[in-house]
Amino acid sequence: RRSHQASCAPCFSDLASLKMGVRTLSEALQLSDECRVITTGSAPFNIVHTNKAWSKLTGFKFTEVANRSNSFLQGPHTEAKLVERMRAASEKGETTRVRVVNYDRYGTPFYNSIEIFPLRDMAGKLTHYCGVLHGEDIPDGVVPPIDRKPEELFGSTSGSSTDPDEEEETAAAASGWPAAAAGRGAGRVKRLRRGGHVTLQEALDNTEDAVVMTQPHPPYAITHVNAPWCEMCGYTLEEVEGLSSSILQGAETDEALLSELMASVRRGESSSATLVNYKKGGARFLNQVHIQPVFNQNDEVDQFMAMLHEVDEKERPPHAAPAAAKKAGRRGERA
């Protein structure tokens with residue numbers, strides 16, 4: 001039997017969020033010992049981020065649940081009235097707090113004290129929800145476990161004839177998450193543009209490119225990676241949270257190129273280069289990487305973001321270097 005007791009006890013740095021609540025996307029993405037999950041702000045409230053503590057509590061990895069609703073945590077003893085209370089409170093744009101029976105990846109029930117915070121931009125528009133969870137063990141015999149095969153939990157929906165809009169509403173109704181009045185289709189994201197002014201919302205909602213986000217100061221600890229990044233690099237989010245992107249570096253990684261890339265992004269500029277990186281297990285790959293600053297709702301640099309694209313050796317430019325490095329080289333030639 002897995003223990004859920006005090007699995008997400010807050011550390012000292014989390015005390016402010018317990019008192020004040022998570023109010024912005026920037027706050028929700030901070031490294032924390034709290035169990036946190038972030039979803040889109042409209043039906044079907046798909047998951048865009050979980051942290052290591054959330055995975056420890058529920059048993060699920062981010063790559064298993066990305067772009068799904070939270071309904072997989074529910075089971076036969078999940079209280080429908082409490083689910084409805086969350087939904088009703090969300091219609092008023094209020095923070096919701098309930099203690100509900102949920103089930104982990106292996107079917108073990110636990111008490112989940114969850115607080116759901118609506119996250120809004122500067123204009124007051126709802127963009128995401130952040131759920132902060134705290135797990136408690138249920139005494140044996142009070143709530144029976146369910147027979148759940150983790151590998152069969154998420155069945156394929158291919159071949160379904162259900163109308164897409166109807167699927168959205170069905171998923172929202174089952175998710176136990178707020179059914180706030182938000183525009184339909186807000187969760188359908190597009191590939192992130194390169195360059196320009198990229199916001200946290202745009203970076204987090206990008207499910208097409210392989211994206212890694214880090215703190216904007218040394219040691220540039222990783223705060224988020226998306227599913228395409230995990231698939232490309234071979235790591236899980238839980239393995240790399242809090243580490244730096246140096247885990248992808250190796251013998252053939254050009255450190256001079258890396259230095260130029262980081263110098264550019266620290267100046268608030270985007271920069272690109274093609275360099276050798278290494279996947280988990282040591283497999284070498286050619287990485288066409290684009291790095292740029294990501295801005296919060298106060299128009300401040302909040303994170304650094306890198307978009308990775310694996311290319312064939314034949315696609316590598318003869319002198320792949322960021323623009324800043326090329327300019328420096330030309331200045332040296334004139335001198």
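Three cavities of 30 Å³ or more are present in the structure, where a cavity is, on a 1 Å grid over the protein atoms alone, a set of points where a 1.4 Å probe fits but cannot get out, with grid points joined across faces, edges and corners and a volume taken as the space filled by probe spheres set on the points. This is a predicted model, in which local features need pLDDT of at least 70 and side-chain atom pairs count only at pLDDT 80 or more, while totals for chains, interfaces and linings use all residues. Residues are numbered from 1 along each chain as its sequence is written, and side-chain values use heavy atoms, with hydrogens and water left out.

**The second largest cavity and alanine 66**

- The second largest cavity has a volume of about 70 Å³, and its lining residues, defined as those with an atom within 4 Å of a point, are Ile47, Val48, Phe62, Ala66, Asn67, Leu204, Asn206, Thr207, His224, Asn226, Ala227 and Pro228.
- Strand E2 (47-50) and helix H8 (227-233) are the elements that give two or more residues to this lining; helices (H or I, at least four residues) and strands (E, at least two) are DSSP runs, numbered from the N terminus.
- Alanine 66, one of the lining residues, lies in the loop between helix H4 (62-65) and helix H5 (80-91).
- With a relative accessible area of 14%, alanine 66 is buried, since buried means under 20% relative accessible area, exposed over 50% and partly exposed in between (1.4 Å probe, protein chains only).
- Leaving aside neighbours within four places in sequence, alanine 66 is in contact (heavy atoms within 4.5 Å) with Ile47 and Ala227, and both of these residues also line the second largest cavity.
- The C-alpha atoms of alanine 66 and asparagine 46 are separated by 7.3 Å, although the two residues are 20 positions apart along the chain.

- Strand E7 (residues 210-214) is largely enclosed by the rest of the structure, because 5 of its 5 residues are buried.
- Ala210, Val212 and Thr214 point one way from E7, whereas Val211 and Met213 point the other way, and all are buried.
- Strands are taken to pair if DSSP finds at least two bridges between them, and E7 is joined by 5 bridges to strand E11 (residues 301-311), the two running antiparallel, with alanine 210 opposite leucine 308 in E11.
- E7 is also joined by 3 bridges to strand E8 (residues 222-225), again antiparallel, and here threonine 214 stands opposite isoleucine 222.
- Threonine 214 is buried at a relative accessible area of 7%, and beyond four places in sequence it is in contact with Tyr220, Ala221, Ile222, Thr223, Ser245, Gln303 and Phe304.

**Strands E9 and E10**

- Strand E9 (residues 271-278) is mostly covered, with 7 of its 8 residues buried.
- E9 and strand E10 (residues 284-295) run antiparallel and are joined by 8 bridges, one of which has serine 271 with isoleucine 291 of E10 as its partner.
- The hairpin of E9 and E10 has 5 residues between the strands, and glycine 281 in this hairpin takes a positive phi near 95 degrees.

- Leucine 308, leaving aside neighbours within four places in sequence, is in contact with Ala210, Val212, Trp229, Met232, Cys233, Leu248, Asn287, Gln288 and Val289.

**Cysteines**

- The count of disulfides, each being a pair of cysteine sulfur atoms within 2.5 Å, comes to 0.
- Cysteine 230 is in no disulfide, and the nearest cysteine sulfur, that of cysteine 233, is 8.0 Å away.
- Cysteine 230 is buried at a relative accessible area of 5%, and cysteine 130 also counts as buried, at 0% relative accessibility.

**Tyrosine 111**

- Tyrosine 111 is placed in strand E4 (residues 109-120) and counts as buried at 18% relative accessibility.
- Not counting residues up to four places away in sequence, tyrosine 111 touches Arg99, Val100, Val101, His134, Gly135, Glu136, Asp137, Ile138, Pro139 and Val142.

Conventions. 1 Å grid on protein atoms, 1.4 Å probe; cavity = no way out; pocket = protein on both sides within 12 Å on 5 of 7 lines; lining within 4 Å.
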